[in-house]
Amino acid sequence: MSKTRVIGLDIGTTAVRAAQLEFGGGTAPSLVKYGEVPIPLGSVRDGEVTARDFVVSALRELWAQQKFDSKDVIIGVGNQRVVVRELSLPWMPMHQLKATLPFHVQELLPMSTDEALLDFYPTGEAETEHGREVSGMLVAAVRDTVSANVLTVEAAGLRPVMVDLNAFALMRGMTRGELAGRIVGLVDIGARVTNVVISAHGVPKFIRTLPSGGQDGTDAVARAVGISIPEAEALKRQLGIGYAVAPEFADAAEALQAVTHNLIEAIRNTFVYYAGNHPGAGIELAVLTGGGAHLPGLGQFLSSASRLPVTLGDPLSGVEASRVAGGRDVLVGRESLMAVPIGLAYGVAA
């Protein structure tokens, strides 16, 4: 059986990350190469490249370090300017359905269809009183947002062969094995953007993008005590959420608590909204990924607020990772950062 290698590229707020998977041979996919290179804060804002030169430099460094086998990449998008809606349409072949999307969805969007890139992710079919229908998720991204990231990747000498939604990538990267048969709330906490995906038996049922993440907590700590961002990041990890702190750290802890509480409430409200619209099929488990998921006490905080068990996700659980330079051990502690790039690679070859 022939083997296929695919590279998923995640352009995050604080780093660019790429994962190369190999598929085929009748075994589990293999993670062949993985790497990440930091970028300066402000280079990417809300998922959109705003300082191209810094990101281009980081991408070139990443390819030089890891020596990926190809320059073909699948990139992800996901921010407040990407709209995701549940939608049912009259059945037709998928290529025809996608071609007619602009005629069906204009009233559903906060933007003109001329300004948007449209896609449709089918999740099921049904016979209704109006005939055969296909249900799924409409995805509408502001064209300029996607173009900025695509042009940056091309400027680095890479070839974006596909643009995917980060939320779909997150679901593909995480709902394998035991999670594939459950109703789970996937929560990927990045630096400035948090993606929440409700997956039922491996099918996306609800997607929400929240405009906040772990960096907001770091900023709050920095403002509260007048220290640098690197110092605030270290202090934030030291303080965590829900722990007793020394009096001299009270202001920092209070600031971190306030920002984190707002994020947790938004996540909880997303879970409540979904449960209210799907009686009898509520979320069974919340799964955390992303750099912000590592804040001490965050999982317990979310569990208390949502009344759900919470676990840290591991996208490598269904992937053979021994072939990575240095072996699986070099990836320990970084697994949850890899969910999106691994999921992007799955989008083409899985």
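Reader: How many residues of helix H5 are buried?
Author: In this predicted model, 9 of the 9 residues of helix H5 (residues 166–174) are buried, and the helix is mostly covered.

Reader: Let us turn to helix packing. At what angle do H1 and H4 pack?
Author: Helix H1 (residues 52–66) packs against helix H4 (residues 143–155) at an angle of about 50°, and their axes are 9 Å apart.

Reader: Why those two values?
Author: Two packed helices are described by the angle between their axes and by the distance between the axes.

Reader: Is the crossing of H1 and H4 left-handed or right-handed?
Author: The crossing in which H1 passes H4 is right-handed.

Reader: Which residues meet there?
Author: From H1 there are Arg52, Val55, Val56, Leu59 and Arg60, and from H4 there are Leu151, Thr152, Val153 and Ala155. By class, this contact of H1 with H4 has 6 nonpolar residues, 1 polar residue and 2 charged residues.

Reader: I would like to look at Thr152. Is Thr152 buried or exposed?
Author: Thr152, which is found in helix H4, has a relative accessibility of 0% and therefore counts as buried.

Reader: What does Thr152 touch?
Author: Setting aside residues up to four places away in sequence, Thr152 touches Val49, Arg52, Val55, Val56 and Leu59.

Reader: And which backbone oxygen lies 2.8 Å from a polar atom of the Thr152 side chain?
Author: That oxygen belongs to Ala148.

Reader: What about H6 and H7: at what angle do they cross?
Author: Helix H6 (residues 214–225) and helix H7 (residues 229–239) cross at roughly 105°, and their axes come within 8 Å. H6 and H7 are therefore roughly perpendicular to each other.

Reader: Which residues make the contact?
Author: H6 contributes Gly214, Gln215, Gly217, Thr218, Asp219, Val221, Ala222 and Val225, while H7 contributes Ile229, Ala232, Glu233, Leu235 and Lys236. By class, the contact of H6 with H7 divides into 6 nonpolar, 4 polar and 3 charged residues.

Reader: A change of topic: where is Arg132?
Author: Arg132 is in strand S9 (residues 131–142). Its relative accessibility is 37%, so Arg132 counts as partly exposed.

Reader: With which side chain does the side chain of Arg132 make a polar contact?
Author: The partner is the side chain of Glu125, at 2.8 Å. Apart from neighbours within four places in sequence, Arg132 is in contact with Leu89, Pro90, Trp91, Glu125, Ala126 and Glu127.

Reader: How many residues separate Arg132 from Met338 in sequence?
Author: Arg132 and Met338 are 206 residues apart in sequence, and in space they are 39 Å apart from C-alpha to C-alpha.

Reader: Finally, what is the phi of Asp46?
Author: The phi of Asp46 is near 50°, a positive value in a residue other than glycine. Most residues other than glycine have a negative phi. Asp46 lies in the loop between strand S4 (44–45) and strand S5 (48–49), and with a relative accessible area of 41% Asp46 is partly exposed.

Reader: And what is the phi of His201?
Author: His201, which is not a glycine, has a positive phi of about 55°. His201 is found in the loop between strand S12 (194–200) and strand S13 (203–210).

Key
Residues numbered from 1 in each chain as written. Predicted model: local features only at pLDDT ≥ 70, side-chain atom pairs only at ≥ 80, totals over all residues. Heavy atoms only, no water. Axes fitted to C-alpha atoms, helices over the stretch in contact; angles between N-to-C directions. Helix = DSSP H or I, 4+ residues; strand = E, 2+ residues; numbered from the N terminus. Left-handed = near helix turned anticlockwise from the far one by under 90°. Contact = heavy atoms within 4.5 Å. Nonpolar A, V, L, I, M, F, W, Y, C, P; charged D, E, K, R; others polar. Buried < 20%, exposed > 50% of the residue type's maximum accessible area, 1.4 Å probe, protein only. Polar contact = N/O pair within 3.5 Å; in protein donor to acceptor, adjacent residues only side chain to side chain. Parallel < 35°, antiparallel > 145°, perpendicular 65-115°, else oblique.
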